[in-house]
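Reader: Hello! Could you help me learn to read this structure?
Author: Gladly; let us look together.

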There are 4 protein chains.
Amino acid sequence: MTVASQMLDTYPADLGGVDRQKLTACIEAGYECAQACTACADACLSEEMVAELTKCIRTNLDCADVCDTTGRVLSRHTGYDANLTRAVLEACAAACKACGDECEQHASMHEHCRVCAEACRRCETACRELLGSLG
Amino acid sequence: MTVASQMLDTYPADLGGVDRQKLTACIEAGYECAQACTACADACLSEEMVAELTKCIRTNLDCADVCDTTGRVLSRHTGYDANLTRAVLEACAAACKACGDECEQHASMHEHCRVCAEACRRCETACRELLGSLG
Amino acid sequence: MTVASQMLDTYPADLGGVDRQKLTACIEAGYECAQACTACADACLSEEMVAELTKCIRTNLDCADVCDTTGRVLSRHTGYDANLTRAVLEACAAACKACGDECEQHASMHEHCRVCAEACRRCETACRELLGSLG
Amino acid sequence: MTVASQMLDTYPADLGGVDRQKLTACIEAGYECAQACTACADACLSEEMVAELTKCIRTNLDCADVCDTTGRVLSRHTGYDANLTRAVLEACAAACKACGDECEQHASMHEHCRVCAEACRRCETACRELLGSLG
């Protein structure tokens, strides 16, 4: 069992009907994607053709920040606010879509972009599935 | 002139028709609100009646994280993506609205909640004005 | 293979003699601990005895922020600066020690503190092992 | 009066003998430097000679993250831990020194690096002065 799912299981109050499995998946995909995007921005910086990767780096940095904040917001359950959760998930899905699309264009040339694009797709999917399960 | 506006003035490429004044105001309001919310969560923790402020603390923490990410995204202009900017600004306005409303309820009793609510209102307004100015 | 280790393997330049396994372990422990501490702060907020857990919440919040930054710094390899890496790892080990000690005091009463203390210990150990391996 | 100083003034408990003016200055310099470094990394990305600025971008990103975390840790006073505060301030001074040195090398050519180097110097000084005032 992952630490994120243990933390969810030991939360002392009611989780208010949220889909536990989708929530756990989204928290884990968010932190994983934040790390991948931070590393991908840096890997792009070390490519000889960095001048052609500046949009990719910028999108990586945005996606890392948005995923990081999403992972934090989803790790909190006290005083749950569905409106805020939805707005954050929408922003995260948008960031992952943008970064996944951008990294995919460089995936055949740069392995780090391929790995990162996959992390973005997983996180975007996890955000949309959690969004779909919210009342 | 603030550092944020100096950084905007020294950006070496085109800012793509964004309203500079509204952008600067939003960046500054975002960082200011992130700090206020972090401090307000901690001040609430030190109140004797902390048990009645747990929703306020949680909303403060979310708002700090979302404002922080918004300040970062808005500080970047390379490879601008209007969709992502809009989604982030919507999330930030939602977080500031939720936190401003919550802190306002405690404003007459706790001065830190009054100061924080004002920072949230300014940031929410700055986000909505920037949103309104985007094409 | 985890995403963090895939990102490390696909970095296009030289990693400069760093111990790959210790680096990967530290990146992963940092993100894991950041999530656990964020969740533990929130779980403490939902305990009836929250008034007795305010120091724990504060330490959780600090540790989450420091681990998050450490995970980001360690995910970058371009233009490596040993002095900065060391200072960040020292701060992270200190934050994890403080939070692990604090959570341990509540571990028999609150399961989330037990899980979080373990994550802090793993991250502190990973930081110290990486520190020890740096030239 | 700035919001940061208002938040400090409205903190409901004892600040434990910290130098209020030095603390306020350090919190404000930290957030200001975090913003400047985020913007400078992005400005570097938009320079034609980006390939010669990759170390600068990396140092900017590290400094932004460390300053952000420092601003957060210093905004909390509940359950104050001098050891952790010191370790975080040492890491922040190191990050600001590294980034100030790097940006200074490009200051005559890139105005954003000049403005950013100044923000880094102010933050490094503020960290060292606060460190010096701690018991």
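Author: Across the interface of chain D and chain A, the rule finds 0 residue pairs in polar contact (both at pLDDT 80 or more). A polar contact is a pair of N or O atoms within 3.5 Å; within protein, one must be able to donate a hydrogen and the other to accept it, and residues adjacent in sequence count only if both atoms are side-chain atoms. This is a predicted model: local features need pLDDT of at least 70, side-chain atom pairs count only at pLDDT 80 or more, and totals for chains, interfaces and linings use all residues. Residues are numbered from 1 along each chain as its sequence is written, chains are lettered from A and ligands numbered from 1 in the order in which they are written, and side-chain values use heavy atoms, leaving out hydrogens and water.

Reader: Is Asn60(B) buried or exposed?
Author: Buried means under 20% relative accessible area, exposed over 50%, partly exposed in between (1.4 Å probe, protein chains only). Asn60(B) is buried, because its relative accessible area is 0%. Asn60(B) lies in helix α3 (residues 54-74) of chain B. Not counting residues up to four places away in sequence, Asn60(B) touches residues including Cys37(B), Ala41(B) and Cys116(B).

Technical notes. Helices (H or I, at least four residues) and strands (E, at least two) are DSSP runs, numbered from the N terminus. Contact means heavy atoms within 4.5 Å.
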